[in-house]
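Here is a briefing on one protein chain. It runs from overall layout to single side chains.

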Amino acid sequence: MQQSITLRMVEILASGGVLITDETSELKSLLVDGEDYISYKNSDELVDKIEYYIARPADLYEIRKNGSEKIKLIKNSYEQNSADIIKRIFGKEVRLNNN
């Protein structure tokens, strides 16, 4: 089991792609498997899940949408927390670009 979230995982989700990855403990702490992304334990399960979702494009669309929305909320939360810390330490406002 992979232990951390990679930049590529975040980029896939943020760009509106469907993340299909081996099980990741850190990812499970932020997102819901089967709702925000798809994970697999071995190559047989990967093939099974790909076949399953190819036959169910509406489910795949929902996972893609959920993952993209949730990762953007997480990103915005980190940015806002950072801005708050800078304001407390330095007394300066930080203007965020939340596109």
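Helices (H or I, at least four residues) and strands (E, at least two) are DSSP runs, numbered from the N terminus. This is a predicted model, in which local features need pLDDT of at least 70, side-chain atom pairs count only at pLDDT 80 or more, and totals for chains, interfaces and linings use all residues. Residues are numbered from 1 along each chain as its sequence is written, and side-chain values use heavy atoms, with hydrogens and water left out.

**Overall layout**

- The protein chain has 4 helices and 2 strands. Their order from the N terminus is α-β-α-β-α-α.
- Of its 99 residues, 20% count as buried. Buried means under 20% relative accessible area, exposed over 50%, and partly exposed in between (1.4 Å probe, protein chains only).
- The accessible surface is about 6,900 Å², and carbon and sulfur atoms hold 53% of it. Areas come from the Shrake-Rupley method with a 1.4 Å probe; for residues, only the protein chains shown count as cover.
- Take contacts between residues at least 6 apart in sequence: 32% of them join residues at least 24 apart. Contact means heavy atoms within 4.5 Å.

- V10 sits in helix α1 (residues 7–14). V10 is partly exposed, at 30% relative accessible area.
- Beyond its neighbours within four places in sequence, V10 contacts I5 and I71.
- F90 belongs to helix α4 (residues 57–90). F90 is exposed, with a relative accessible area of 57%.
- I85, I86, I89, F90 and V94 make a nonpolar surface patch of about 470 Å². Patches are made of residues with over 30% relative accessible area and no salt bridge; like charges are joined within 9 Å, nonpolar side chains (Val, Leu, Ile, Met, Phe, Trp, Tyr) within 5 Å.

**Around S39**

- S39 lies in strand β2 (residues 38–40). At 1% relative accessibility, S39 is buried.
- The S39 side chain makes a polar contact of 2.5 Å with the side chain of D33. A polar contact is a pair of N or O atoms within 3.5 Å; within protein, one must be able to donate a hydrogen and the other to accept it, and residues adjacent in sequence count only if both atoms are side-chain atoms.
- Leaving out residues up to four places away in sequence, S39 touches T21, D22, E23, D33 and K49.

**Salt bridges**

- The structure holds 5 salt bridges. Each is a side-chain nitrogen of Lys or Arg within 4 Å of a carboxyl oxygen of Asp or Glu.
- E23 and K41 pair at 4.0 Å, N to O. E23 lies in the loop between β1 (20–22) and α2 (25–30) and K41 in the loop between β2 and α3 (43–54), so the pair ties together parts 18 residues apart in sequence.
- E23 is buried at 15% relative accessibility, whereas K41 is exposed at 60%.
- K49 bridges to E45, with the closest N and O atoms 3.7 Å apart. Both lie in helix α3, 4 residues apart, about one turn of the helix.
- K65 bridges to E62 at 3.6 Å between the closest N and O atoms. The two are about one helical turn apart because they are 3 residues apart in helix α4.
- Through shared partners, salt bridges join E23, K28 and K41 into one network.

**Aromatic pair**

- The whole structure has 1 aromatic pair. Y52 and Y53 form it edge-to-face, at 4.9 Å centre to centre and 85° between the planes.
- Rings of Phe, Tyr and Trp (its six-membered ring) pair if their centres lie within 6.5 Å; planes under 30 degrees apart count as stacked, over 60 as edge-to-face and the rest as tilted.
- Y52 is partly exposed at 37%, while Y53 is buried at 13%.
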